[in-house]
Structures are given as structure tokens and as C-alpha cells.
Amino acid sequence: MTVVLTVPHSAPRRPGAPSGDSAALTTTVPREYVHRSSVTEVFLTDWRGRGPDAWTVDAQWPRAHSFYGPAHGLHDPLMLVETVRQAGLLLNHVGHGIPLGHPVIWGSMRYTVAPEALEVAATPADLEVHVNDHDIVRRGSRLSGMRQTFEATRDGRHLGRVECTFTCHAPAVYRRLRGSYADLDHTLSRVIPPAAPVPPALVGRDRTADVVLSPTGETGRWQLRTDITHPVLFDHPVDHVPGMLMVEAARQAAYATVGPGHSTAVAMDCSFVRYAELDVPCWIRARALTPDAAGLPRVAVRAEHDGDAVFTATVTCAPIG
């Protein structure tokens with residue numbers, strides 16, 4: 001039996017939160033609501049309604065993280081993307097009544113960040129994220145998709161903006177969509193072992209285990225490394241390449257294309273065209289584009305199965321300092 005917790009839009013705080021003159025105690029939201037196995041990977045601490053289809057979600061970023069760690073004095077901008085991923089899932093469950101176990105699939109995601117707001121301080125970074133729901137689609141009474149916008153602030157200062165679209169499916173519908181891939185044990189038994197990585201420094205990493213690109217001998221082309229033992233990118237078993245892995249691949253391909261020097265991905269615009277499978281080689285291609293209006297380098301990234309796009313992204317990079 002699935003238990004669904006639904007919080008009405010007018011609810012001032014999540015159930016069980018202290019109110020009145022009680023001392024507020026901080027904890028993370030249940031890991032199940034953000035589709036994480038590890039409690040330490042949960043960044044959200046609270047939520048509340050702001051009106052019809054409007055919410056505020058609180059989050060905290062640690063000063064150190066095993067994968068999305070700070071570099072050159074700045075928090076990783078993909079921490080914002082992961083925070084938004086978690087916030088969208090949380091609100092689907094507690095605000096829109098989607099049962100746990102219903103897959104949620106991104107269609108698109110775009111973000112921009114203000115680098116000056118990413119500076120690492122002497123304490124963890126506390127964020128407030130204002131979320132608005134748009135273009136809601138329902139099948140009967142159940143949510144089947146929408147567009148969401150997220151405005152993140154830190155200490156009252158603008159940190160970044162994210163917009164994403166997604167669809168959600170009942171388990172039976174998802175099994176029909178995925179066919180044989182819905183058999184998780186079968187799918188995981190066919191995963192292509194990760195090939196040798198490119199040098200970590202080439203893609204802005206300091207650990208070989210965190211490199212998601214493998215060289216091919218062709219400039220601007222790599223093979224995606226899908227290491228299903230990675231504790232963050234594969235926090236729990238899945239039947240396809242996770243969206244956050246595709247985003248990380250785009251970031252690493254952009255850094256490799258921009259060239260030596262310290263960069264941060266201040267903007268990204270992604271389309272998740274179709275499922276990227278774990279048993280088919282996924283090729284990552286990147287090419288430099290004309291700079292943006294501010295003169296910042298931009299890189300087009302495309303992930304392919306047998307020449308067909310499964311994911312595309314445009315990444316904008318800014319020099320550190």
C-alpha cells in the first residue's frame with residue numbers, strides 16, 4: 001500500500017514543524033521525497049506554500065561535498081541543479097499528491113547562476129528557493145507534467161534561476177514505455193563497463209573516479225563513462241543514464257573544449273531528447289560556439305546513440321576570478 005502525504009497550498013509549513021514560540025529545529029526532509037538513498041545527499045530542510053501553485057523551499061549546501069565540491073573558492077553551480085531536482089520531486093509528492101514510486105522524467109532544464117553568490121563562506125550556505133508551477137497537465141485528477149521555475153536566493157541575494165519541464169508516470173505506464181529496460185536486474189546486468197577516463201584536470205576534476213568522459217582519439221568526441229558504482233551519480237539503481245550524469249557530462253565536455261584554465265559553468269540549457277541507455281555506447285560531442293553577449297565562451301554538447309541525439313546542451317563558461 002502506498003501512503004501519499006498531501007500538503008494543501010495554504011499549509012504554512014511542513015507537517016510536524018514547530019510553530020508559535022517553539023524553538024525551530026532544523027532537519028532535512030525525508031530522503032524518499034527527493035529520490036535519494038543516502039540521507040547525506042539530501043539538501044532540503046523545509047517547505048511551505050505561498051499561494052496557488054507557488055512554494056518556498058529551504059535548502060542548505062555543505063562547505064564540502066564528495067562530488068559537487070567547491071573549487072577555487074566557489075560552490076559548484078551544479079549544486080543548484082541538484083537542489084532544484086530535489087525541490088521539484090518534493091513538491092510533486094507533498095504538494096501534488098504523486099505517490100512514491102512514480103518516475104519523474106525531465107524534458108528540459110536551463111539554469112543561470114551569479115558567480116559572486118557562489119562564494120564559500122565560513123558556514124554552510126543557506127538558500128531560499130521560490131518555486132512556481134506553470135502549464136500543469138493532468139490525467140484525470142493526477143499530475144502528469146508541468147513546467148516549473150525556481151528563483152534561488154542566499155542571504156537575500158540573487159543566486160540563480162532554473163526552469164525545467166518534466167513528465168511523471170504511473171509505474172504500469174512507465175513499464176510499457178521502457179519495455180524490457182523496466183526489468184532493472186536485466187538492465188543492470190547489461191551495463192557497459194566504464195572505459196579509461198580522460199585526465200581529471202582536463203575536465204575540471206581532481207579525482208579519476210569523478211570523470212565521466214573517456215577519450216576516443218577524436219578531438220571533441222568522448223565516450224560517456226557510466227560507473228553504476230558511483231555513490232552520488234548512481235545513488236540508487238536506475239534503468240537508464242540519470243539526468244544529472246548527462247548534465248555533468250555536458251559540463252565536463254565544455255571545460256575540455258574551452259581549454260586549460262579555471263572555468264565555471266555559469267549557464268546551461270539542456271534538452272533530454274530520449275532515454276540514454278546503459279547498455280548502448282553513448283558518445284559525447286562538443287564544439288565551440290560564438291561567445292555570448294558578455295563575451296563568455298559557449299559550447300554546444302550533444303550525446304548520441306548510433307548517431308541519434310539523446311541529449312543536447314549549450315554551456316556557458318566564465319573564468320574564475
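This briefing covers aromatic contacts, cysteines and strand pairing in one structure. The model is predicted, so local features need pLDDT of at least 70 and side-chain atom pairs count only at pLDDT 80 or more, while totals for chains, interfaces and linings use all residues. Residues are numbered from 1 along each chain as its sequence is written, and side-chain values use heavy atoms, with hydrogens and water left out.

**Aromatic pairs**

- Rings of Phe, Tyr and Trp (its six-membered ring) pair if their centres lie within 6.5 Å; planes under 30 degrees apart are stacked, those over 60 are edge-to-face and the rest are tilted.
- The count by this rule is four aromatic pairs.
- F67 and Y68 make an edge-to-face pair, with 4.8 Å centre to centre and 75° between the planes.
- Buried denotes under 20% relative accessible area, exposed over 50%, and partly exposed in between (1.4 Å probe, protein chains only).
- F67 is buried at 2% relative accessibility, and Y68 is buried at 3%.
- Y174 and Y275 are also edge-to-face, at 6.3 Å centre to centre and 80° between the planes.
- Y174 lies in helix 2 (residues 171-178) and Y275 in the loop between strand 9 (263-272) and strand 10 (283-289), so this pair ties together parts that are 101 residues apart in sequence.
- Helices (H or I, at least four residues) and strands (E, at least two) are DSSP runs numbered from the N terminus.
- Both Y174 and Y275 are buried.
- W106, F272 and F311 are linked into a cluster by ring pairs.

**Charges over rings**

- A charge sits over a ring if NZ of Lys or CZ of Arg is within 6 Å of the ring centre and within 35 degrees of the ring normal.
- The charged end of R178 sits over the ring of Y275, 4.3 Å from its centre.
- The charged end of R221 sits over the ring of W283, 4.1 Å from its centre.

**Cysteines**

- The structure contains zero disulfides, a disulfide being a pair of cysteine sulfur atoms within 2.5 Å.
- For C168, the closest cysteine sulfur is that of C164, 12 Å away and therefore too far for a bond.
- For C317, the closest is in C270, also at 12 Å and too far for a bond.
- C168 is buried at 8% relative accessible area, and C317 is buried at 0%.

- Seven of the eight residues of strand 2 (residues 54-61) are buried.
- Two strands pair if DSSP finds at least two bridges between them.
- Strand 1 (residues 44-51) pairs with strand 2 in the antiparallel sense over six bridges, and R48 has T56 as its bridge partner in strand 2.
- These two strands form a hairpin with two residues between them, and D53 in the turn has a positive phi of about 60°.
- Strand 4 (residues 125-139) pairs with strand 2 in the antiparallel sense over eight bridges; there, D126 is the bridge partner of Q60.
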